[in-house]
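Here is a quick tour of a two-chain model, taken from the contact between the chains to a few details inside each one. Have the structure open while you read.

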Amino acid sequence: MRLDQLPLRSRATVSAIDWAHLGEADARRLRNLGFDEGVEVQALHHGPVGRDPMAVRLGNRMTVAIRRAHARAVSLAVEEVASAA
Amino acid sequence: MSGLPLVAVVGNPNAGKSALFNMLTGARQRVGNYPGVTVERKAGRFALADGRPVELVDLPGAYSLDPSSPDEAVTRDVVQGTQTGERRPDALLIVLDATNLDNHLRFALQLIDLGLPTAVALNMVDLAERDGLTVDRAKLEAELGVPVVETVAVRRRGLDPVREALTDLLDGARPRPAKREATATGDDLVQLQRRARAIARAAVAEEGSTARRLSHVLDRVLLHPLAGPLILIAVMFTMFQGVFAWSEAPVGWLEGLVGFAQDAVRGAVGEGFLRSLLVDGVLAGVGSVVVFLPQILILFLFILLLEGSGYMVRAAFIMDKLMARAGLSGRAFIPLLSSFACAVPGIMATRTIEEPRDRLTTILVAPLMTCSARLPVYAVVIGAFIPAREVGPGVGLQGLVLFGLYVAGVVGAFLAAVALRGTLLRGGSQGFMMEMPKYQLPHWRDVALGLWQRAAIFLKRAGTIILVSTVVLWALLSFPQPKPGESALDASIAGKAAKGIEVLVRPIGFNREIALALIPAMAAREVAVAALATAYSIQDSADGAEPSEESMIDNLRGRWSLPTALAFLMWFVFAPQCISTVAVARRETNGWKWPAFMLGYLFGLAYLMAGLTYWGATALGL
């Protein structure tokens with residue numbers, strides 16, 4: 001699953017990030033914000049139009065806003081899907 | 001400055017860095033720019049434990065030493081000692097958000113590895129407690145190898161421990177941290193990140209707590225797909241109603257004060273050149289601008305509160321998709337919203353937008369956001385021509401028209417951005433990627449300081465540019481003296497120049513006084529009001545009557561038709577650039593090409609829109 005497909009309130013762990021897909025500037029920014037393999041993420045909110053952008057909890061503490069187009073580059077290993085819980 | 005030791009305050013955005021800086025330096029700060037770049041330099045003084053002064057500089061917030069914006073580049077260059085116009089700091093004070101160590105420690109580690117004497121302010125420990133987090137200060141100190149002190153900058157807690165730590169650092173009482181060469185490549189960053197997380201895990205104990213969900217609960221409401229945008233609209237609407245309604249009383253006081261001063265001068269100075277200069281030139285001109293200080297302060301109060309509370313980023317989140325439709329990013333929302341106060345800081349705030357075309361588009365449309373300097377113009381004309389009645393519970397017609405003018409600017413900006421992104425500035429789009437800070441109650445002291453800095457800038461403008469241009473205009477309007485039977489305005493230099501402009505603007509319903517006011521409005525928009533006041537005041541004197549005691553509003557009501565007034569409002573929505581905006585656009589785009597383009601397209605748009613308004617209103621028989 002990719003980050004843009006993660007249902008709201010579901011948790012997952014980042015398994016891989018396609019840095020090349022992002023381009024240099026966006027990749028640097030994403031890395032600076034703390035995106036990294038092995039980090040836990042949770043989808044919190046969607047923007048009002050087209051469910052874009054999304055607000056993602058990174059680790060335990062930080063919330064980051066990211067567009068779907070970028071979230072697509074982040075692959076996940078799903079831990080817990082909210083609808084099932 | 002002098003050879004005082006320099007301490008740089010540095011940290012992540014949203015770590016409470018500026019609040020800490022305010023706590024340490026107090027109200028006396030000097031705000032300037034780094035040479036050659038448009039990054040703000042904020043400096044102040046701080047006394048060590050033994051009273052020795054040090055200079056403190058507040059560096060732009062950054063996530064790492066691998067910069068993604070010009071602001072972050074300045075931070076890197078200063079701490080590495082390669083920034084022109086700044087000596088290398090003698091010590092660093094790192095501000096860390098105690099609630100977000102997992103993500104913010106990485107930058108702190110990079111900074112510590114520079115090997116400068118360093119102390120860490122573990123800020124917002126109160127919020128960490130609220131979130132059920134206990135940070136083991138001693139353990140963090142041991143892991144980082146530099147002194148760590150706890151602070152709550154917005155509540156002014158931790159001032160003395162910071163003072164002691166900085167005193168020790170500058171006395172060399174503690175060994176410097178070891179210097180490590182960093183390459184700042186991706187792999188290095190990942191290693192650093194892992195080290196940071198390991199330290200955070202070791203130093204932070206977490207207990208379950210429901211209180212920590214506060215930001216979460218607020219976000220569920222404020223970012224709700226339906227409620228969120230409605231709340232945003234309500235907030236914006238309240239802001240603009242507030243600007244009008246709350247300023248009424250203080251505006252009245254200031255007007256009274258100016259009138260009192262004019263009477264005093266009339267009493268003290270005999271009829272003649274000096275009296276006319278003081279009463280009609282200086283006091284009428286500057287006075288009619290200064291009375292708008294309350295409105296400008298109310299607007300800035302809202303902007304500072306929205307920024308300080310963390311809501312501003314939520315607004316950007318809600319707006320991002322719409323901004324994307326215009327080819328912009330949610331990041332452009334903050335510079336554009338700031339442009340409601342003034343396009344100059346707004347355009348400067350576009351530095352956080354990395355993508356050059358994104359940024360250029362934002363700069364080009366920023367002047368369409370109705371800046372506070374246009375408020376005086378709107379206020380006078382709306383006051384004169386729009387009846388002050390309620391059209392619904394708590395909704396005044398005047399406020400509604402004002403809101404409409406703001407909306408016209410926003411719609412114009414949206415369309416201009418779409419057009420620019422589809423033609424001249426096609427291609428390349430940057431995403432919207434930013435941290436969403438916790439909600440917090442801004443401290444009144446930080447808000448007051450921000451307001452004071454804005455008020456000072458405004459009054460300085462009123463005291464310099466506006467004073468000079470109104471006096472020059474007064475002179476242009478007063479000389480040469482009229483021959484018998486000729487009106488003062490017709491005889492004057494400005495009257496003759498305005499005749500030329502009048503030919504151009506007559507088709508869109510503008511008279512000669514307006515043509516005249518458009519000249520100094522180039523210096524600063526709000527001068528248009530002062531210029532009209534001066535022009536009408538002088539006309540009154542020449543008509544044989546005593547200089548008019550009646551307010552500007554009554555004056556306009558008798559002289560302009562409604563279509564003219566509406567066209568004038570529309571002109572101000574789109575057109576006149578103030579010189580400062582053009583100057584800052586030149587600086588930010590490194591040349592005259594884009595500012596010239598901006599002038600051209602905005603004047604064209606203004607002429608067209610004012611014309612359509614005038615012709616339309618006339619056809620409707622208004």
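Let's start with a salt bridge: R194(B) pairs with D36(A), and their closest N and O atoms sit 3.2 Å apart. Keep in mind that this is a predicted model. In total, four salt bridges turn up across the interface of chain A and chain B, along with 14 residue pairs in polar contact, both partners at pLDDT 80 or more.

Which parts of chain A supply at least two residues each to the side that touches chain B? They are helix 2 (24–32), strand 2 (40–49), strand 3 and strand 4 (62–66). Helix 2 of chain A gives the largest share, with seven residues. Sorted by type, that side of chain A holds 15 nonpolar, eight polar and eleven charged residues.

As for the overall extent, 34 residues of chain A and 47 residues of chain B take part in the contact. About 3,600 Å² is buried between the two chains, with carbon and sulfur atoms giving 52% of that area. Three arginines stand out here: R29(A), R61(A) and R67(A) supply 23% of what chain A buries against chain B, more than any other three residues.

The chains also share strand pairing. Strand 4 of chain A runs antiparallel to strand 12 (residues 433–436) of chain B, with four bridges between them; T63(A), for instance, has M436(B) as its bridge partner.

Now for one residue of chain A. D52(A) belongs to strand 3 (residues 52–58) of chain A. Is D52(A) buried or exposed? Its relative accessible area is 8%, and because that falls under the 20% cut-off, D52(A) counts as buried. A polar atom of its side chain lies 3.0 Å from the backbone nitrogen of R68(A). Leaving out residues up to four places away in sequence, D52(A) touches G47(A), I66(A), R67(A) and R68(A), plus K321(B) from the other chain.

Over in chain B, strand 4 (residues 53–58) is mostly covered, with five of its six residues buried.

| Partner of strand 4 (B) | Sense | Bridges |
|---|---|---|
| Strand 1 (residues 6–11) of chain B | parallel | four |
| Strand 3 (residues 40–47) of chain B | antiparallel | six |

Strands 3 and 4 of chain B form a hairpin with five residues between them, and G51(B) in the turn has a positive phi of about 90°.

Terms used:
Residues numbered from 1 in each chain as written. Chains lettered and ligands numbered in written order. Predicted model: local features only at pLDDT ≥ 70, side-chain atom pairs only at ≥ 80, totals over all residues. Heavy atoms only, no water. Buried < 20%, exposed > 50% of the residue type's maximum accessible area, 1.4 Å probe, protein only. Pairing = 2+ DSSP bridges. Polar contact = N/O pair within 3.5 Å; in protein donor to acceptor, adjacent residues only side chain to side chain. Contact = heavy atoms within 4.5 Å. Buried area = accessible area lost by both parts, 1.4 Å probe. Salt bridge = Lys/Arg side-chain N within 4 Å of Asp/Glu carboxyl O. Nonpolar A, V, L, I, M, F, W, Y, C, P; charged D, E, K, R; others polar.
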